[in-house]
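Please open the structure in your viewer and keep the selection panel at hand. The tour below goes from one selection to the next and says what can be found at each stop.

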Amino acid sequence: MALNEEDTKLSQLEFACSDLKTLLQTSSKMEESLGKMDKKFDLLDRTLSTASRRLSPLQSLAMATKALDTRINRAVTPAFALLESFKVSDSLQLKLLELSSILSSETTPKKRLKKFLNYVDRVNQLNAAINSISQEGEPVIQKLQEVVEFLSRTKATDQDRTHRLRETLFTLKALYENEVDAMKFDGLLDEALLNLQDEYESILQLLRHQNIGDQVQVDDKEAEIVASDLGTELEVEVLQRISETLAANDCLDICIDIYVKVRYRRAAKALMRLNPDYLRTYKPEEIDAMEWETLETAISLWIQHLELAVKTVLVSEKKLCNQVLGNIMDGVVWPQCFVKIADKTMAVFFRFGEGVARSSKEPHKLFKLLDMFDSLEKLRPEFSDTFEGEAGADICTRFRELTKLLVHGSSKVFWEFSLQIEGNSDAYPPPQDGSVPKLVRYAINYLKYLTTDTYRARMAMVLWTEQMWKVGILSKPETDKNLLQDAITNVMNALHRNIETKRLSYRDKILPHVFAMNTYWYIYMRTRNTELGKLLGDQYMKNKYKVVAEETAYMYQKQSWGQLVKLLDKEDLKRQSKEGLGSLARAKMEAFLKGFDEISQRHRGSYRIPDMDLREQIKESTIKLVVPVYTEFLNTFSAVLRGKLYVNPYQLQGLLGQILDGSDVKLKRRDSKDRMAGGNSVSVEGEIMDFRRSRSISSNV
């Protein structure tokens, strides 16, 4: 066993030794092969180095050639593109000529507008092509010139190629210099832009304001004022595209001038259909020279026309301006264009309103000034919306200035009215018959009209606004009602002072009482149950006017009829003897009748009580004062008054009524002989009766 194992190991060692020998032999052969390969690689390396040295100039030449080709191509390719742009421009010009011919023969408006849109598109394309040529021409020529100069200087290519490039440069440069300006300013593009301007003006002329006159007030019923659209969608689109095209071709100023000129004329013609001839008169002195009826009508028309101008004409113009010019310069242009149109229109209205506000401050102008102020206040929201933004700031400022003028003018008219009333005291004498002066009638009716629903709020607003401007917005002014109440109270006080001054100017003792009674009673009765009376207060009116009227009525009765009644006083008759009693009684009766005649004459010529209600009250109280005393005197002294005919109490009552009614009354007395000779005679105003019948009549008084 051990022997066999050793043999096996020995065999394995022998095989291993044999493998090692074989491996050594193979390694030796490989070493020889590697040595040979090193020699070959050295030879190849030397060969490659030699080839590299020989090929290096050719490689540099190829790279230079490629760089030169690239440089030439960079200059030539844009030149070819530029030439292509010239071809496109020529093609577009031919299409424009064709479209222009088609448009000239088209008569249907709608179809013509649609075709005109294509015309505008071609103009835009031609403009883009010319702009491309203009912008790219100089850089292309510059690059080509640099290449030609480089080739000429370096002789990097053959002379023929350099010559061809030089000829191309000269041709392209001449074409650019001669044709581009002509294409932009003297060519078909310029003609097309002129056509666009003409068409632009023509379409703008066609857009008219319709039926503006139908929206004026008719029969005191105000029609709804609504702005209408100007132009169809197609017309507006064409105008918008033309505006953008003109702006893109440096014709924005021309575009704006055309638009403002045409649209102002259209707006002015629309308003001229209202016949605003009154606007030609606007200077204060000219307005003062106008007849009041004419000026009143003019102001009413001004209010209507201003509202129409703002709410219809200018609103429509603003909308159209926004539609047509709104896309130009990010919407900066159109507000300024609209304001240019509106400014000319509004200036005419403003100057008339300013002229009225600056004219003389006559009292009757107050109500029209308030109407103008109210119209501006109502118009303020629409006006602010129409002229919003920086562009409309000047027009809004002038609007505010006009409002301020109307506020100052209205308040000044009212305050001067008070001064005129007070200053009238010495200018005109009081009525000679004691009736109510025209000034009082005018002032009361004036104030009554001012305190109606129509004008009360307006006047209060004017007073409040003026006070706010004076004291500042942070202060706390009085309420509108208190301001108006105080202002009217001032006028009433001035009127009261005027009345009292005139009352003192009478020389007659009774006439001042008649005058004051009539005047104060008139004021109280005309203001009772009116807005004026409510504003001043019922208690104020009673204390200030009714009580005074009653007091002066008492004084009138006392001074006139009271003195007459005193003539029939019986106290001194009680001390007389029987013989003297008759004589004195007849003397008293004669004095009474004479005084009665004198009073009746004064009532006919100097004393007048125009108010029926007041006259009836005075008549009733006078009858109660005079007739009972007269009746009692007749009854008491009937025995001593025998032989004379006197007016009986019933007829005296009738005579008193006629006297106070203003009739011409004169007593005629006859003795018994006259009675027998002439029978039962009747005087002009009263029947003469025997005093002995007075007993049967006295019970009726």
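The second largest pocket has a volume of about 270 Å³, where a pocket is an open set of points on a 1 Å grid over the protein atoms alone, fitting a 1.4 Å probe, with protein on both sides within 12 Å along at least five of seven lines, and a volume is the space filled by probe spheres set on the points, which are joined across faces, edges and corners. This is a predicted model, in which local features need pLDDT of at least 70 and side-chain atom pairs count only at pLDDT 80 or more, while totals for chains, interfaces and linings use all residues. Residues are numbered from 1 along each chain as its sequence is written, and side-chain values use heavy atoms, without hydrogens and water.

Select A268, M272, P276, L279 and V348, which lie nearest the centre of this pocket among its 15 lining residues, lining meaning an atom within 4 Å of a point. Two or more lining residues come from each of α6 (252-272) and α9 (333-358), helices being DSSP runs of H or I with at least four residues, numbered from the N terminus. The largest share, five residues, comes from α9. By class, the lining has nine nonpolar, two polar and four charged residues; Ala, Val, Leu, Ile, Met, Phe, Trp, Tyr, Cys and Pro count as nonpolar, Asp, Glu, Lys and Arg as charged, and the others, Gly among them, as polar.

Next, select α10 (residues 366-386) and α12 (residues 438-450), which pack at an angle of about 15° with their axes 11 Å apart; axes are lines fitted to C-alpha atoms, for helices over the stretch in contact, and angles run from 0 to 180 degrees between N-to-C directions. That makes α10 roughly parallel to α12, a term for angles under 35 degrees. Here L366, F367 and L370 in α10 meet Y446, Y449 and L450 in α12, contact meaning heavy atoms within 4.5 Å. This contact has six nonpolar residues, with no polar and no charged ones.

Finally, select α19 (residues 612-636) and α20 (residues 649-661), whose axes are 9 Å apart and which pack at about 150°. The two helices are therefore roughly antiparallel to each other, the term for angles over 145 degrees. Which classes of residue make up the contact of α19 with α20? The residues there divide into ten nonpolar, four polar and four charged. Among those that meet are I618, V626 and Y630 in α19 and L652, L656 and L660 in α20.

Terms used. Parallel < 35°, antiparallel > 145°, perpendicular 65-115°, else oblique.
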